[in-house]
Amino acid sequence: PAEPGFKRAIIAPHPDIRLPKIQCSYDSVNGTYVSSFEICSDGKTFPESFLVMKKDGVIIGMINGCVSNQQVICDAMYEDESLHDPYGAYQTVFGLDVHPAHQHQGYAGELMQALIETAKKEGRTGMVLTCKKHLVGFYERFGFHNMGVSASVHGGAEWYDMLLCFA
(Lines give C-alpha, C1' and ligand atoms only; values in the text may rest on other atoms or scores of the structure.)
Protein backbone atom coordinates (compact mmCIF):
# COMPACT_ATOMS: atom_id res chain seq x y z
CA PRO A 1 0.00 0.00 0.00
CA ALA A 2 1.07 3.56 -0.69
CA GLU A 3 2.22 5.69 2.22
CA PRO A 4 -0.04 8.57 3.22
CA GLY A 5 0.77 11.91 1.67
CA PHE A 6 -0.24 15.46 2.44
CA LYS A 7 -1.83 17.85 0.04
CA ARG A 8 -2.87 21.42 0.65
CA ALA A 9 -6.60 21.89 0.55
CA ILE A 10 -6.56 24.13 -2.50
CA ILE A 11 -3.32 24.20 -4.46
CA ALA A 12 -5.09 25.60 -7.49
CA PRO A 13 -8.77 25.84 -8.32
CA HIS A 14 -9.77 22.42 -9.53
CA PRO A 15 -13.28 20.94 -9.77
CA ASP A 16 -12.24 17.55 -8.39
CA ILE A 17 -10.88 18.82 -5.07
CA ARG A 18 -13.31 17.92 -2.30
CA LEU A 19 -12.40 17.94 1.37
CA PRO A 20 -13.70 16.23 4.49
CA LYS A 21 -16.49 17.71 6.54
CA ILE A 22 -16.66 16.38 10.07
CA GLN A 23 -20.07 16.24 11.68
CA CYS A 24 -19.94 15.91 15.46
CA SER A 25 -22.92 15.25 17.69
CA TYR A 26 -23.39 14.40 21.35
CA ASP A 27 -24.84 10.99 22.21
CA SER A 28 -26.65 11.71 25.49
CA VAL A 29 -27.41 8.03 26.08
CA ASN A 30 -23.75 6.99 26.08
CA GLY A 31 -22.30 10.37 27.10
CA THR A 32 -19.94 10.46 24.13
CA TYR A 33 -19.37 12.52 21.03
CA VAL A 34 -20.01 10.78 17.72
CA SER A 35 -18.36 12.01 14.58
CA SER A 36 -19.13 11.17 11.01
CA PHE A 37 -16.68 11.65 8.18
CA GLU A 38 -18.14 13.07 5.00
CA ILE A 39 -16.52 14.56 1.90
CA CYS A 40 -18.13 17.83 0.89
CA SER A 41 -16.33 21.03 2.01
CA ASP A 42 -14.25 23.19 -0.33
CA GLY A 43 -11.59 24.52 2.11
CA LYS A 44 -11.43 27.95 0.46
CA THR A 45 -11.61 30.08 3.62
CA PHE A 46 -8.14 29.29 4.96
CA PRO A 47 -6.51 26.89 2.48
CA GLU A 48 -3.01 27.64 3.80
CA SER A 49 -3.96 25.84 7.01
CA PHE A 50 -6.24 23.09 5.79
CA LEU A 51 -4.29 19.90 5.16
CA VAL A 52 -5.68 16.60 4.00
CA MET A 53 -4.06 13.18 4.15
CA LYS A 54 -4.50 10.76 1.30
CA LYS A 55 -3.83 7.06 1.24
CA ASP A 56 -4.06 5.23 -2.06
CA GLY A 57 -5.60 8.37 -3.58
CA VAL A 58 -8.43 8.59 -1.02
CA ILE A 59 -8.72 11.25 1.67
CA ILE A 60 -8.44 9.55 5.06
CA GLY A 61 -7.87 12.51 7.35
CA MET A 62 -7.68 16.25 7.77
CA ILE A 63 -6.49 19.01 10.06
CA ASN A 64 -7.57 22.62 9.81
CA GLY A 65 -7.89 25.92 11.60
CA CYS A 66 -7.77 29.63 11.03
CA VAL A 67 -4.88 31.95 11.81
CA SER A 68 -5.27 34.53 14.56
CA ASN A 69 -3.38 36.87 16.84
CA GLN A 70 -5.16 35.41 19.87
CA GLN A 71 -3.55 32.82 22.16
CA VAL A 72 -6.89 31.09 22.70
CA ILE A 73 -9.71 29.98 20.46
CA CYS A 74 -12.96 31.83 21.06
CA ASP A 75 -16.29 30.32 20.04
CA ALA A 76 -16.90 33.05 17.46
CA MET A 77 -13.97 31.74 15.40
CA TYR A 78 -15.96 28.62 14.51
CA GLU A 79 -18.74 30.69 12.96
CA ASP A 80 -17.17 33.91 11.68
CA GLU A 81 -14.70 33.38 8.82
CA SER A 82 -13.76 37.07 8.93
CA LEU A 83 -11.82 36.39 12.16
CA HIS A 84 -9.22 34.52 10.08
CA ASP A 85 -6.11 36.70 9.72
CA PRO A 86 -3.70 35.13 7.23
CA TYR A 87 -0.90 37.21 8.78
CA GLY A 88 -1.73 36.31 12.39
CA ALA A 89 0.79 35.00 14.89
CA TYR A 90 -0.99 31.80 15.90
CA GLN A 91 -2.17 28.84 13.89
CA THR A 92 -5.32 27.39 15.43
CA VAL A 93 -6.55 23.83 15.19
CA PHE A 94 -10.30 23.57 14.73
CA GLY A 95 -10.39 19.98 13.63
CA LEU A 96 -8.12 16.96 13.50
CA ASP A 97 -9.85 13.86 12.28
CA VAL A 98 -8.98 10.55 10.71
CA HIS A 99 -11.51 8.28 9.05
CA PRO A 100 -12.54 5.55 11.53
CA ALA A 101 -11.13 2.79 9.31
CA HIS A 102 -7.67 4.39 9.58
CA GLN A 103 -7.57 5.44 13.24
CA HIS A 104 -4.97 4.24 15.76
CA GLN A 105 -2.27 3.97 13.09
CA GLY A 106 -0.40 7.20 13.83
CA TYR A 107 -2.04 9.28 11.12
CA ALA A 108 -3.46 11.92 13.51
CA GLY A 109 0.06 12.51 14.82
CA GLU A 110 1.40 12.84 11.29
CA LEU A 111 -1.30 15.37 10.46
CA MET A 112 -0.51 17.38 13.60
CA GLN A 113 3.22 17.33 12.87
CA ALA A 114 2.58 18.47 9.28
CA LEU A 115 0.54 21.47 10.44
CA ILE A 116 3.17 22.35 13.05
CA GLU A 117 5.84 22.34 10.34
CA THR A 118 3.61 24.40 8.03
CA ALA A 119 2.99 26.97 10.78
CA LYS A 120 6.72 27.22 11.50
CA LYS A 121 7.56 27.70 7.81
CA GLU A 122 4.95 30.46 7.60
CA GLY A 123 6.61 32.28 10.51
CA ARG A 124 3.91 31.76 13.12
CA THR A 125 4.71 32.36 16.80
CA GLY A 126 2.91 29.20 17.84
CA MET A 127 -0.28 27.18 17.74
CA VAL A 128 -3.44 27.06 19.85
CA LEU A 129 -6.25 24.57 20.17
CA THR A 130 -8.94 23.40 22.53
CA CYS A 131 -9.46 19.76 23.40
CA LYS A 132 -11.32 17.46 25.72
CA LYS A 133 -9.59 16.43 28.95
CA HIS A 134 -8.83 12.90 27.70
CA LEU A 135 -6.82 14.34 24.77
CA VAL A 136 -4.59 16.70 26.78
CA GLY A 137 -1.79 14.09 26.93
CA PHE A 138 -1.95 13.48 23.17
CA TYR A 139 -1.30 17.17 22.45
CA GLU A 140 1.34 17.48 25.18
CA ARG A 141 3.41 14.95 23.19
CA PHE A 142 3.80 17.65 20.52
CA GLY A 143 4.90 20.27 23.06
CA PHE A 144 1.52 21.89 23.74
CA HIS A 145 1.01 23.21 27.29
CA ASN A 146 -2.30 22.83 29.09
CA MET A 147 -3.46 26.35 29.94
CA GLY A 148 -6.48 25.12 31.92
CA VAL A 149 -10.20 24.98 31.33
CA SER A 150 -11.23 27.09 28.36
CA ALA A 151 -13.88 29.79 28.33
CA SER A 152 -15.22 28.06 25.21
CA VAL A 153 -18.60 26.40 25.49
CA HIS A 154 -18.62 25.23 21.87
CA GLY A 155 -20.92 22.22 21.52
CA GLY A 156 -21.83 22.39 25.21
CA ALA A 157 -18.62 20.62 26.25
CA GLU A 158 -15.79 21.37 28.66
CA TRP A 159 -12.65 22.26 26.73
CA TYR A 160 -9.02 22.79 27.70
CA ASP A 161 -6.92 25.55 26.12
CA MET A 162 -3.62 24.25 24.73
CA LEU A 163 -0.72 26.46 23.63
CA LEU A 164 2.43 25.58 21.69
CA CYS A 165 5.11 28.29 21.43
CA PHE A 166 7.79 27.95 18.75
CA ALA A 167 10.35 30.30 20.34
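## Aromatic rings

Let's start with the ring-bearing side chains: the count comes to four aromatic pairs in this predicted model. In one of them, F138 and Y139 sit edge-to-face, with 4.9 Å from centre to centre and 80° between the planes. F138 also pairs with F142: their ring centres are 5.3 Å apart and the planes meet at 70°, so this pair is edge-to-face.

Are F138 and Y139 buried or exposed? Both are buried. F138 has a relative accessibility of 18%, and it counts as buried because that value is under the 20% cut-off. F142 is buried as well, and its relative accessible area is 18%.

## The chain as a whole

Now for the bigger picture. The protein chain has three helices and 11 strands. Reading from the N terminus, the elements go β-β-β-β-β-β-α-β-β-α-β-α-β-β.

How much of the chain is buried? Of its 167 residues, 42% are. The accessible surface is about 9,100 Å², and carbon and sulfur atoms account for 52% of that. As for contacts in the chain with a separation of 6 or more, 57% of them link residues 24 or more positions apart.

## A five-stranded sheet

Five strands come together in an open sheet with mixed pairing, and their order is β6-β7-β9-β11-β10. Which strands stand at the edges? They are β6 (67–68) and β10 (145–149); each has a single partner strand, so one side of each is left without a neighbour in the sheet.

What holds neighbours together in a sheet like this? Strands pair through backbone hydrogen bonds, and they can do so parallel or antiparallel. Take β6 and its partner β7 (residues 90–93): these two run antiparallel and are joined by two bridges. If you want a spot to look for in the structure, find S68, which stands opposite Y90 in β7.

## Helix α2

Helix α2 covers residues 107–121, which makes 15 residues. From its first C-alpha to its last, α2 reaches 21 Å, close to the 21 Å expected at 1.5 Å a residue.

Which residues of α2 are buried? They are Y107, G109, L111, M112, A114, L115, I116, T118 and A119. After the helix comes G123, and its phi is positive, near 80°.

Note on methods. Residues are numbered from 1 along each chain as its sequence is written. Side-chain values use heavy atoms; hydrogens and water are left out. Two strands pair if DSSP finds at least two bridges between them. Helices (H or I, at least four residues) and strands (E, at least two) are DSSP runs, numbered from the N terminus. Buried means under 20% relative accessible area, exposed over 50%, partly exposed in between (1.4 Å probe, protein chains only). Contact means heavy atoms within 4.5 Å. Accessible areas come from the Shrake-Rupley method with a 1.4 Å probe; for residues, only the protein chains shown count as cover. The expected span of a helix is 1.5 Å times one less than its number of residues. Rings of Phe, Tyr and Trp (its six-membered ring) pair if their centres lie within 6.5 Å; planes under 30 degrees apart count as stacked, over 60 as edge-to-face and the rest as tilted.
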